[in-house]
Amino acid sequence: MTSILPQPRYSDTASAFIASPKRLLIDGEWQSSSGEKFVPVYDPSSGIEIGAIVDASDADVDRAVGAARAAFDDGRWSGQSPYYREMTIRRLADLIEANATEFAELEAIDNGKSITAASQMDVPGAIAQLRYMAGWASRLDGESVEPLLAPSGAFHGYTRREPIGVAALIVPWNFPLFFAALKLAPALAAGCTTVLKPAEQTSLTTLRFAELVLEAGFPAGVINIVTGAGSGAGAALVRHPEVDKISFTGSTSVGKMIAHSAADTLKRVTLELGGKSPVIVLPDVDLGQAAQGVAGGVFFNSGQICTAGSRVFAHRDVFDALVEGIADAARGIRLGPSLAPDTQMGPLVSARQRDTVMGFIESASTEGASVVAGGGQLADQGYYVSPTIIADVSPEMRVMREEIFGPVVCVSRFDDLDAVVKSANATRYGLAASVWTRDISSMHRLVRSIKAGTVWGNCHNAIDPAVPFGGYKESGLGREHGREGVLAYTETKSVLVAL
């Protein structure tokens, strides 16, 4: 196996936080669990257990939801002025910014991503989400409506935007802090109260975030945070009768289970689920730029991103050169422990995820595909997999059909636009796609034809708080980010008053 440098020493601040007892934030206080179960915390760069978090019981979840319910019903948050809500959310963003170095280190330790990526993308992204959505608190207006059937002036008609109620927010492990902010910010701006559950694999930054929630001055019960397994605390949140809204980011299989459970009480649901994003490269591109961009689109965050450009369709005229360019980019990526300042790609999040990804690579070889670059498990400690490029693939292979969630890309040839559109859409997913071309006409023809919630042109994984994000088909329900993201936490009330 390839030698990987050991994980550098943690800072004293991070070490102290990791070693501190972990509890649950319920009703504005740190509370112990009613149970006695804990979930171990591992550093993916070493595979060593470094701590533990509470595995919340059903009773813990019930207390958290009860606190959120009481806080919503008495109006201590929704009844405040929009300005108050906006400024409180902004204070939280300011506190994260003031502690950005600590958050980046904790995120790198817990998730395995490089500290450089965490400090340049994850932490600033979380801050941007909070600041952007804070502004919507004062912009959620209804509108005046002139009735169709009544004489003019007979009725005063208008609509109101009102918060849904208690929102259960379930966060994935690939961008823990970013998704915590992404889900909390619109819910809070709309006036909802919340119960947030981070992924059991990566709860450290959310618990540190919880300390800042108290410092920012949110009223008790507005933000509650419970940790633990998805099958336990997560399932208890989903089925709780006092939860009005669920926002979940994760796998399609779990999303379907949540949708089924939510249907019993018709909870409002936003689901951001899996993807198998196509990347279409036309023959007129700058091959050097495209190869680097395509490589970044799939190897970013070790491929652990729902929008990863994992299916590349290159025109026959540029296929060989593009594959070689992607391979060169992959070979140039510096793998290493998350806290090393020159690391460009860290390990996968867990031994389970590493083994899953290696299983996909092995299945591709068994089914007749060719591994052009990478394909190996690296190091005898930590959960490293090398950036991998697979060619000679066919549509029925597992690597072409299923979400891998690792640094693996499959490359195929095409000859004409109609054929590549058919191939790009031959998936149950529809989260994202990208098109690489200088031909603006071809770009927009493909944009209209690809069945995906987001299509990027000459870039990939470009996410912005103001731009709606979500999927077609089995990639989800609803949209996050932008105006649509905050409206998802509201109900529309229509009012007609006879004059």
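**Cavities, pockets and core of the predicted model**

The second largest cavity has a volume of about 50 Å³, where a cavity is, on a 1 Å grid over the protein atoms alone, a set of points where a 1.4 Å probe fits but cannot get out, and a volume is the space filled by probe spheres set on grid points that are joined across faces, edges and corners. The structure is a predicted model, in which local features need pLDDT of at least 70 and side-chain atom pairs count only at pLDDT 80 or more, whereas totals for chains, interfaces and linings use all residues. Residues are numbered from 1 along each chain as its sequence is written, and side-chain values use heavy atoms, with hydrogens and water left out.

Lining residues, defined as those with an atom within 4 Å of a point, number 14 for the second largest cavity, and Pro278, Thr427, Tyr429, Gly430 and Lys451 lie nearest its centre. By class, this lining holds seven nonpolar, four polar and three charged residues, with Ala, Val, Leu, Ile, Met, Phe, Trp, Tyr, Cys and Pro counted as nonpolar, Asp, Glu, Lys and Arg as charged, and the others, Gly among them, as polar. A search of the whole structure finds three cavities of 30 Å³ or more, and the largest cavity contains about 70 Å³ of space. The largest cavity is likewise lined by 14 residues, with Ala308, Ser310, Glu403, Ile404 and Phe405 nearest its centre, and its lining divides into seven nonpolar, five polar and two charged residues.

Phe405 lies in the loop between helix H13 (398–401) and strand E18 (408–414), helices (H or I, at least four residues) and strands (E, at least two) being DSSP runs numbered from the N terminus. The phi angle of Phe405 is near 60°, a positive value in a residue other than glycine. At 17% relative accessibility Phe405 counts as buried, a class that requires under 20% relative accessible area, with exposed set at over 50% and partly exposed in between (1.4 Å probe, protein chains only).

A pocket is an open set of points with protein on both sides within 12 Å along at least five of seven lines. The largest pocket has a volume of about 1500 Å³, and of the 50 residues that line it, Trp173, Gln201, Ser251, Val254 and Arg352 are the closest to its centre. Its lining comprises 25 nonpolar, 15 polar and ten charged residues. Because domain 1 (12–273 + 475–496) and domain 2 (278–457) both give residues to this lining, the largest pocket lies between them; the domain bounds come from an automatic or database domain assignment.

The second largest pocket holds about 920 Å³ of space, and its 45 lining residues include Met121, Phe175, Phe300, Asn301 and Asn461 as the closest to its centre. Helix H5 (115–134) gives the most to this lining, with eight residues, and the lining as a whole divides into 19 nonpolar, 19 polar and seven charged residues. The second largest pocket also lies between domain 1 and domain 2, since both give residues to its lining.

The largest nonpolar core has 79 residues, and those with the most contacts inside it are Phe209, Phe218 and Phe299; such a core is a set of buried Ala, Val, Leu, Ile, Met, Phe, Trp, Tyr and Cys residues joined through side-chain atoms within 4.5 Å. Helix H6 (residues 176–190) contributes the largest share of this core, twelve residues. Both domain 1 and domain 2 give residues to the core, so it lies between them.
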